[in-house]
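Work through the exercises below with the sequence and the model at hand. Each task is followed by its solution.

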Amino acid sequence: MADPTPAAAASSGGLPQFDLAQWPGQIVWLLIIFGVLYFLFSRVFVPAVAETIDAREDKISGDIGDARRARDAARAELDAAAGELSVARARAQKVAMDAQSEAKAAAAARQAAEEARLAETLAAAEARIAEARAEAMSHVRTIAVETAQAMIHRLTGAEASSAEVERAISEAIPS
Amino acid sequence: MAAIEPMEQFLIHKVVNLPPIPVPGLGAVDLSITNSVLFMLIAAGLLSAFFFAAARRELVPGRLQAVAEMLYGMVDNVLTGGIIGDRGRPFLPIVFTLFLLIAILNLLGLTPGGFTVTSQLAITGTLAVLTFVIVLAVGFARNGLGFFKLFWPAGMHPAMSAFLMVIELISFLIRPFTLALRLFGNMLGGHVVVYIFAAFVVNLALFGLNGFGLNTLGLLGSGLSFAMVLALTALDLVIAIIQAFVWAALTCVYLNEVVNLDHGH
């Protein structure tokens, strides 16, 4: 366990760390090793890690921006589609209403035409009836004259001329 | 009875012998690979290997990459970003390196048979001086001579400011020592206490196996000591990370003072 080197003396006397003979070698080696490590870290490792982290953050923020833009575009398209839909709905409603009013107008026109035809027929019929009545009334006088002639003949045996009878009837029944 | 030598674990011995190499300013330095150097190399190797494997550039990170990014994010958000603020980014590599190196050295010290490099005052002292020099260099580079405003409390009587300047200067200059001793003391104390309880486990058990009667109590003490070793090892695991974090956080606090000197603090 005991080492036959000068350092062994330190173990019995004091701390081996105070053995100054061991200092220069350690110091020089430490400076060399630290220098190499510092070079590696400052030139190779830290830039690599830092650049990778930066690149990742750029990528993530870029992707988030892309996603946000895509979302906005989708939302705009959705709005546009909703607008188009409402326009189309309004148009359809208008078309339906136009058709309805057109049909209504056509029906009204047809009805009016029918009514006109009916009124015409009615008027014609009334005219015919009036004509027939007038004709019938004109026959009534003739019948009355003939009837009166016949009755005169039967009652008196005299012949009354139709002109006389007609005059008498006209006096009795003002036509 | 096994000898209780709690300081033996901090002894440095050579693993690979190398001839001394002349270093400018220091003369010939024995750069042999010692156990301390070996564990520094292991730590550096582990860190490099991990980050070579983990510092990928995948958009969807794998497990290793996620760990590396989590560590980076912690340092970026809590330390350089959280303490220094917007101007903290350039200092992230040095804080990151300090944090990871100290953490891995602390943790390697807790592995069975591991050597605790951060329990060496030479190491913590060097790292502390390095940190201090970096803060000084950044301070002068950013502010020029305005750096000295750091020690001059504004908004009071000049005599009072002058008095406080002395205190500010001392508290500034003492920083490398507090940095070095904090880590050194934590690692030293933790390992010594664990060693002592571990020694109790063995020695009390041997005592207990020696005979019956009073000796049997030794077995109980041995068990209790074993529980203590477990609990202390768990505590040391936490301390290993916390001390590395404290070092990194203090580095950021010191850097913040000199980087945001014109912003007030």
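**Exercise 1.** Determine how many residues of chain B are in contact with chain A, and which helices of chain B supply them.

Solution. Count two residues as in contact if their C-beta atoms, placed from the backbone, lie within 7 Å. On that basis 41 residues of chain B touch 37 residues of chain A. On the side of chain B that touches chain A, α1 (35-54), α2 (63-84), α3 (92-110) and α4 (121-143) of chain B each supply at least two residues. The greatest share comes from α1(B), with eight residues. Finally, sort by class: this side of chain B has 27 nonpolar, nine polar and five charged residues. Here Ala, Val, Leu, Ile, Met, Phe, Trp, Tyr, Cys and Pro are nonpolar, Asp, Glu, Lys and Arg are charged, and the others, Gly among them, are polar.

The model is predicted: local features need pLDDT of at least 70 and side-chain atom pairs pLDDT 80 or more, while totals for chains, interfaces and linings use all residues. Residues are numbered from 1 along each chain as its sequence is written, with chains lettered from A and ligands numbered from 1 in the order in which they are written.

**Exercise 2.** Describe how α2(A) and α1(B) are placed relative to each other.

Solution. The axes of α2(A) and α1(B) come within 10 Å and cross at roughly 5°. Angles under 35 degrees count as roughly parallel, so α2(A) and α1(B) are roughly parallel to each other. Then list the partners: residues of α2(A) including A:W29, A:L30, A:I33 and A:F45 meet residues of α1(B), among them B:M40, B:L41, B:L47 and B:F51. This contact has 13 nonpolar, four polar and no charged residues.

**Exercise 3.** Compare the radius of gyration of chain A with that of a compact globule of 175 residues.

Solution. Take the radius over C-alpha atoms, and for the globule use 2.2 Å times the number of residues to the power 0.38. The rule gives a value near 16 Å, but chain A has 67 Å. Then check the box along the principal axes: the C-alpha atoms of chain A fill roughly 200 × 30 × 20 Å. As for secondary structure, chain A has three helices and zero strands.

Terms used:
Helix = DSSP H or I, 4+ residues; strand = E, 2+ residues; numbered from the N terminus. Axes fitted to C-alpha atoms, helices over the stretch in contact; angles between N-to-C directions. Parallel < 35°, antiparallel > 145°, perpendicular 65-115°, else oblique.
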